[in-house]
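Here's a quick briefing to read with the structure open beside you. Take it one topic at a time and find each piece as you go.

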Amino acid sequence: PCPQSGYTVAVMNVGAPAAGMNAAVRATVRIGLIHGHRMLAVHDGFEGLAFGMVRSYREWGLGWLRGACIWDGEEGFPLPRTLPKKYFEEISANITKFGIHALVIIGGFEGFTGGLELVEGRARFEELCIPLCVVPATVSNNVPGSDFSIGADTALNTITTTCDLIKQSAAGTKRRVFIIETMGGFCGYLATMAGLAAGADAAYIFEEPFSSRDLQANVDHLTEKMKTTVKRGLVLRNERCNENYTTDFIYNLYSEEGKGVFDCRKNVLGHMQQGGSPTPFDRNFGTKMGAKAVAWITGKIKECSRHGRIFANTADSACLLGMRKRSLVFQPLAELRQQTDFEHRIPKEQWWLRLRPILKILAKYNIELDTSETAHLEHLTRKVLVPEATL
């Protein structure tokens with residue numbers, strides 16, 4: 001057995017399931033045990049923490065660390081979306097009762113918002129002053145501070161595979177357009193990336209507003225396309241891209257405008273995008289994130305420990321572990337607040353929006369490709385040195 005550190009770390013899942021969560025939890029627990037921590041599993045998210053649904057991994061047995069897919073209600077943790085604000089008193093009491101010294105939250109946007117609320121609660125409840133790490137795991141890929149989330153790769157694979165199968169189904173028929181609805185809330189990541197991968201003619205997303213004129217232009221483009229050798233079209237629509245231009249509306253519009261030229265079919269992919277075995281990328285990513293989170297938590301516990309008690313009140317003691325370009329970085333939750341659109345549950349700036357013009361070019365639209373980034377130049381004033389002889 002490893003030398004005991006005397007510290008207790010709790011692991012919790014929040015929000016909807018995402019493929020690769022198991023890998024993250026497993027890595028977190030295993031690496032935690034190597035560090036000598038006592039590892040606790042919290043069931044039912046923040047609600048479970050409030051109602052004391054906390055068990056040591058030893059009581060639970062190692063069976064729950066073996067699964068390759070996402071947690072389910074029978075074997076792992078069910079994942080309610082309750083936020084901690086209304087349970088602060090109960091959560092504080094249970095943190096003391098179970099002697100929790102640090103918390104790892106693995107989840108999507110709810111995990112991020114819940115973490116933020118716990119940070120806000122530190123002013124009123126001293127028990128909440130413990131190191132806190134949020135690991136983003138959601139198919140929507142809408143967590144601020146991270147370019148990728150655990151589960152998004154698997155969802156993308158599922159959508160692309162399904163789109164390929166749907167396109168193949170049109171092999172026997174001439175001139176057919178498929179309208180496919182993907183998940184992701186207000187975040188258009190899945191629709192855009194799946195559009196690029198599956199060769200879609202258009203991908204409608206919330207971040208890039210579209211009008212009836214755009215829909216008409218797309219119909220005209222498809223009408224022209226049907227005159228060529230490729231006689232099938234694919235249109236992707238993010239589930240919440242527009243409350244009026246629904247999947248049914250777009251289907252009806254395309255069916256009417258394409259009369260005599262092409263016929264339409266629609267598919268709502270639904271929750272199949274959340275499940276399935278995680279891809280190697282998601283398993284690796286989850287494992288790395290879990291291991292890195294525990295290593296950081298261990299360092300923070302030691303840093304914030306005073307005479308055997310832990311008091312973490314600084315902004316950098318509650319972080320989100322995110323992938324930024326090529327590195328995994330810890331960013332204080334408080335700093336990420338400014339980068340977030342809370343109403344639509346998306347980051348204000350998203351890197352993949354710059355890939356949108358490629359979608360249009362691949363679908364043979366005549367548009368300009370401008371991927372350059374603008375920057376402001378500073379005007380420098382040069383000091384002129386006057387020779388001493390002239391003074």
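In this predicted model, the axes of helix α6 (residues 152-169) and helix α7 (residues 189-198) come within 9 Å and cross at roughly 50 degrees. Axes here are lines fitted to C-alpha atoms, for helices over the stretch in contact, and angles run from 0 to 180 degrees between N-to-C directions. Helices (H or I, at least four residues) and strands (E, at least two) are DSSP runs, numbered from the N terminus.

**The α6 and α7 pair**

- That angle makes α6 and α7 oblique to each other; angles under 35 degrees count as roughly parallel, over 145 as roughly antiparallel, 65 to 115 as roughly perpendicular and the rest as oblique.
- On the α6 side, the contact (heavy atoms within 4.5 Å) is made by Ala152, Ala155, Leu156, Ile159, Thr160, Cys163, Asp164 and Lys167.
- On the α7 side, Tyr189, Leu190, Met193, Ala194, Ala197 and Ala198 make the contact.

- α8 (residues 212-225) has 14 residues and reaches 20 Å from its first C-alpha to its last, close to the 20 Å expected; the expected span is 1.5 Å times one less than the number of residues.
- Which residues of α8 are buried? They're Leu215, Asn218, Val219, His221, Leu222, Thr223 and Lys225, where buried means under 20% relative accessible area, exposed over 50%, and partly exposed in between (1.4 Å probe, protein chains only).
- The cover over those buried α8 residues includes β6 (176-182), β7 (202-204), β8 (232-238) and α9 (247-257).
- α8 and α9 have axes that come within 10 Å and cross at roughly 45 degrees, so this pair is oblique too.
- The α8 and α9 crossing is right-handed, with Leu215, Gln216, Asn218, Val219 and Leu222 of α8 touching Phe249, Ile250, Leu253, Tyr254 and Glu257 of α9.
- An α-helix has 3.6 residues a turn, so residues three or four places apart point the same way.

**The seven-strand sheet**

- Look for an open sheet of 7 strands in the order β3-β2-β1-β4-β5-β12-β13, with mixed pairing; two strands pair if DSSP finds at least two bridges between them.
- β3 (54-56) and β13 (327-332) are the edge strands, each pairing on one side only.
- From one strand to the next, the twist averages 25 degrees.

**Strand β4**

- Is β4 enclosed or open? 6 of the 6 residues of β4 are buried, so the rest of the structure largely encloses this strand.
- In a regular strand the side chains alternate between the two faces of the sheet.
- From β4, Ala102, Val104 and Ile106 point one way and Leu103, Ile105 and Gly107 the other way.
- β4 pairs with β1 in the parallel sense over 6 bridges, and Val9 stands opposite Ala102 in β4.
- 5 bridges join β4 to β5, and these two run parallel as well; Gly107 has Pro136 in β5 as its bridge partner.

- β12 is largely enclosed by the rest of the structure, because 6 of its 7 residues are buried.
- β5 (residues 132-136) and β12 (residues 318-324) pair in the parallel sense over 3 bridges, with Cys319 in β12 as the bridge partner of Cys133.
- β12 and β13 run antiparallel, joined by 6 bridges, and Leu320 stands opposite Gln331 in β13.
- β12 and β13 form a hairpin with 2 residues between them, and Lys325 in the turn has a positive phi of about 55 degrees.

**Helix α10 across the sheet**

- α10 lies across β1 (8-14), β4 (102-107), β5, β12 and β13, running at about 170 degrees to β5.
- Thr298 sits in α10 (residues 280-304) and is buried, with a relative accessible area of 5%.
- Leaving out residues up to four places away in sequence, Thr298 touches His35 and His37.

**The whole chain**

- The protein chain has 12 helices and 15 strands, and 53% of its 391 residues count as buried.
- Among contacts between residues at least 6 apart in sequence, 77% join residues at least 24 apart.

**About the numbers**

- Residues are numbered from 1 along each chain as its sequence is written, and side-chain values use heavy atoms, leaving out hydrogens and water.
- Local features need pLDDT of at least 70, and side-chain atom pairs count only at pLDDT 80 or more, whereas totals for chains, interfaces and linings use all residues.

Key:
A crossing is left-handed if the near helix is turned anticlockwise from the far one by less than a right angle, and right-handed if clockwise.
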